[in-house]
Structures are given as structure tokens and as C-alpha cells.
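Hi everyone, thanks for coming along.

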Amino acid sequence: MTGAPTPLLIGGALVGGGGGVFPTINPATEEPIGVAADGDTADLDRAVGAARTAFDSSDWCRDTALRVHCLDQLRDALNAEIETLREITIAEVGAPRALTHRGQLQTPVDDLRFPAATAKSYPWQVDLGIAAPMGVPTLRTLVREPYGVVGAITPWNFPHQVTFAKIGPALAAGNTVVLKPAPDTPWCAAEVGRIIAEKTDFPPGVINIVTASDHRIGAQLTQDPRVDAVSFTGSTATGRSVMAAAAQTIKKVFLELGGKSAFVVLDDADLAAACAAAASTVAMHAGQGCALTTRLVVPRESYSDALDMVSAAMSRIAVGDPNDPKTLCGPLISAKQRARVQSYLDLAIAEGGTFHCGGGRPAGLDRGFFIEPTVIAGLTNEARVAREEIFGPVLVVLAHDGDADALRIANDSPYGLSATVFGSGERAARVAAGLRVGTVNVNGGTWYCADVPFGGYKQSGVGREMGLAGFEEYLETKVVATAAPGAQR
């Protein structure tokens, strides 16, 4: 897959980047698949200016019908070109083909219905009635308004899901947007920009997309006083930098950050079913998901059986060519990421752990950034491998001594993004209630849906994405108090 450089979208026009072009790499083959426009600081400056002008000088923020129309157009246009987007996503992200029919592409596109529908029905003004504060009869109206210009910074692991979960509600709420995607997956974002420019009625400057080889230029969005809010998804370390930089201008900040989620198995659970679910979850998309459960916490008396069961399940997972519909575990995104995951596998041995399966490059896959689905045994929750986010198909199995101990281990983490519990109804519900996380799956249920807010506790982030809560992240609150007719001061 090759072609002309993918352009930037700035002020409604498709343009080249001030930095020229940079290559995009197929992580399954390690070969270049083409080039993308390399935006520079001047390009990002122009994009912010275009977004500022569109917000301040147009009716976009006040015309709900136009916003709904444009989002509906975008969803239809994306679906009309879904097969092109699918091939780009497989080639550039290394996303298994099967996943592009779900959370990697199709589901996020279809989920654009939610912010559009929410904007249509949302109570933008609420009558709070008459009161007499300080003796003055007053009509009070609560008004919800967009922040203004939103800087959206997105990662490479689920580029479409995160992009649409940000720009959908931000635009529906009446904001304008500057999107800075990850350098590893510029085509996914740039193709959306082309579709917006060619197939929709978004006014110029309402949505701008700047791809760049240097991820650091995204910091410009956090510092520019013309940007009113920043929505960032990525590592906790980078999230701290975003928050610190945004503090200089007191911007609204949304952060969706890392996780080290626990899969808790109680002693009355179906152990085999739990181990099968844990294996398929952590190996999906090579473990490159912030909410994936990477710690399997099992009863001590079942520890050996759990290791055997989950290792057998992991060993059966299809690893390899993401074009193959049977593949669940494709490549990691880059050589850098593969080296990072391998360093954690080396650390696991140094910390006293053992590999119950996996631990290196899969046999027969000499090219591509692949890592075997790996089960690590023999560690406690104090080990770095059990506490730090690895972002690979790596599962650490830990032993617990009862429900309370399992809950303690699950919560003993700097993160609090997600968790899973398997066990009898009442006990599983009790453990779920005690988990300090943003989302919990119980006995095979799943929280992921357009109307469900997603986000974490502790160092997993600030705020929520998706659902009504995610929509309202992009709204300010104003109160208008008007003296009631005949009121005397």
C-alpha cells in the first residue's frame, strides 16, 4: 500500500506539511507503506488560529442542527469508505482484521450517532425557577456552552476509537478542534481529514488535523492561550506533563491514561472459563490496550491449575499476519515498543519470575514487531512487572488468599482504570463494589458501549470519555440571573 503524501487539514483545506514528509511503517513487515505530511509548529499554529476564528466568528457553537448534520454526514461518509479505512488500519496499526469490524474501526464509526443524538436532545438551557437571594426576586437559567477550541492528542493503539470518542462529542457540543494524532499512525487520522474536506459540510476551521513525526509538538496545544481545553489519551508520564503545561493558562484538561487492570477470580468461579477469558483479553491486539486486564489474581489453592489453564489458552491464540481473519494477536506498533516489552520480560526473570508460556519472538515470525503471548509466574504484586504498564501480550498471574485479599491486591496499584471479576453473583458484586476503578466487567459482561462513560481513578486519568459524561466534558456551565418583572432593589 503506497500513495501520495497524506495531507494536513487546516482551515478547511488539505495542505502539505512544513516539515515535508515522513514514512509510515507496517509493523507486521517492518516495511514502509508510504509517507505522511510532516506538520511543524507553524502548521499547528495556523490550525489553532483557524479553530479560534471558526469558534469566535461563525455560528458553529450556536447552530445545533448544523453540528448534527455534519456529524451524520461524517458517519455516512466514513461508512462509504470503510473498506479503504480498514486496509489502512490493518497496514498502519497492525490491527487484526477481525478487530476492525469492532472496536478498531466499525464500532467507533457507528458510535458517532451518540454525540449527534445527544446534541439534538440535550437540555442546553434549564429553568431553575424564581428565588429571592438577598431579597431580590430573580429568574435563574442554567446554560451549557462549549469551551471553545479543544486540542485533542491521540495515541496509536486504537486511533479511530480514541479519535472519534474525542472529536465526536467535542464537535457535537459546539467546540472547534485541533487534532494531533500519534506519529505512528498518521494515515488513520489524515484519511479522516480528507473525508471531512471532501464529503462533509463542516465549516472551515471547525476541525483541523495536523500529523507530525515529532510527537512533542502536541505540547504546543497545551501551552497556547487560544486553546481552551485539552483532551489527551496516552501514558501517565506524558499525562503529567500535559497537566503541568496546561496549568500555565488554567485550561480544562481531560486525561485518559495508563492501567494495570486486575482480573480477579474468586474460589467459586468457573476457573477454566475465567482463564480463557483472561488469555484472549490480554492477547487482543498484542496487549496494546490501556484497559486490558494484565494481572490475573487467582485463589492460591488453584494457582498451579490456573497457570496451566491460562497458558494453554494463550498458546492456542493465533499470532501473526493481521490480515488473516483468524489472527487475534498481531504485531506491536514499532521496534521501540517491541524492545520495551522485551525489556519487561527480561526484568520479570531478574525479579524471580518464570515464563509459563511465551517470553520472546514467536517461532517463524522473523520479521515484524511480534512478541509471543506470555504468562509470567512466581511473582508478587510488589514486582515492577506486576505494577507497571507493559502494553504487550503479557499476563502476570498472582495468588490471593480469599476475597478480601484479592480486593487488596487488585486495588494495590497506582492505576485504577478497569477490572474484571469472576465469581458467584453476590460475592462478585461485593468485590466489584470495592474496586477503585472506573469500569468493571463481571462474569463475562462488558462495559464498552457508546452510552457508557469510560475513564479511571487515581493515576489512570481525569474525567470521562463517551456517554453523557463524556459529552459534558466539553461543556462549560453558565448561570444567567435576571431580575423578575417588578422586582425592587
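Let's start at P183, which sits in the loop between strand 8 (176-180) and helix 8 (186-199). Helices (H or I, at least four residues) and strands (E, at least two) are DSSP runs here, numbered from the N terminus. Please keep in mind that this is a predicted model, where local features need pLDDT of at least 70, side-chain atom pairs count only at pLDDT 80 or more, and totals for chains, interfaces and linings use all residues. Residues are numbered from 1 along each chain as its sequence is written, and side-chain values use heavy atoms, with hydrogens and water left out.

Is P183 buried or exposed? P183 counts as buried, because its relative accessibility is 18%. For that label, buried means under 20% relative accessible area, exposed means over 50%, and partly exposed is in between, using a 1.4 Å probe and protein chains only. Now, which residues does P183 touch once we leave aside its neighbours within four places in sequence? They are F22, A212, S213, D214 and H215, where a contact means heavy atoms within 4.5 Å. If you find T211 on your screen, that residue is 28 residues away from P183 in sequence, yet their C-alpha atoms are 6.8 Å apart in space.

Next stop, F232. This residue belongs to strand 10 (residues 229-233), and with 6% relative accessibility F232 counts as buried. Leaving aside neighbours within four places in sequence, F232 is in contact with I153, K166, T238, G239, V242, F254, L255, E256 and L257. Take K166 from that list: F232 and K166 are 66 residues apart along the chain, with 8.9 Å between their C-alpha atoms.

You will find T6 in the segment before strand 1 (8-10). T6 is buried as well, at a relative accessible area of 10%. Not counting residues up to four places away in sequence, T6 touches V35, A36, A37, W187 and A190. A37 lies 31 residues from T6 along the chain, and the two C-alpha atoms are separated by 5.6 Å.

Now for the aromatic rings. How many aromatic pairs does the structure hold? There are 8. One of them joins Y122 and W124: the ring centres are 5.1 Å apart and the planes are at 70 degrees, so this pair is edge-to-face. The rule covers rings of Phe, Tyr and Trp (its six-membered ring), which pair if their centres lie within 6.5 Å; planes under 30 degrees apart count as stacked, over 60 as edge-to-face and the rest as tilted. Y122 counts as buried at 9% relative accessibility, and W124 counts as buried at 19%. W447 and Y448 also make an edge-to-face pair, because their ring centres are 6.2 Å apart and their planes are at 75 degrees. Here W447 is buried, with a relative accessible area of 16%, whereas Y448 is partly exposed at 27%. Back at the other pair, Y122 and W124 form one aromatic cluster together with F471.

Two backbone angles deserve a look too. M134 is not a glycine, yet has a positive phi of about 55 degrees. M134 is placed in the loop between strand 5 (125-131) and strand 6 (138-146), and counts as exposed at 84% relative accessibility. H285 also has a positive phi, near 50 degrees, in a residue other than glycine. Look for H285 in the loop between helix 11 (271-283) and strand 13 (293-299); H285 is buried, with a relative accessible area of 0%.

Finally, let's zoom out. The secondary structure of the protein comes to 17 helices and 22 strands. Along its principal axes, the C-alpha trace spans about 80 × 60 × 40 Å. Buried residues make up 58% of the 489 residues. Among contacts with a separation of 6 or more, 72% come from residues 24 or more positions apart.
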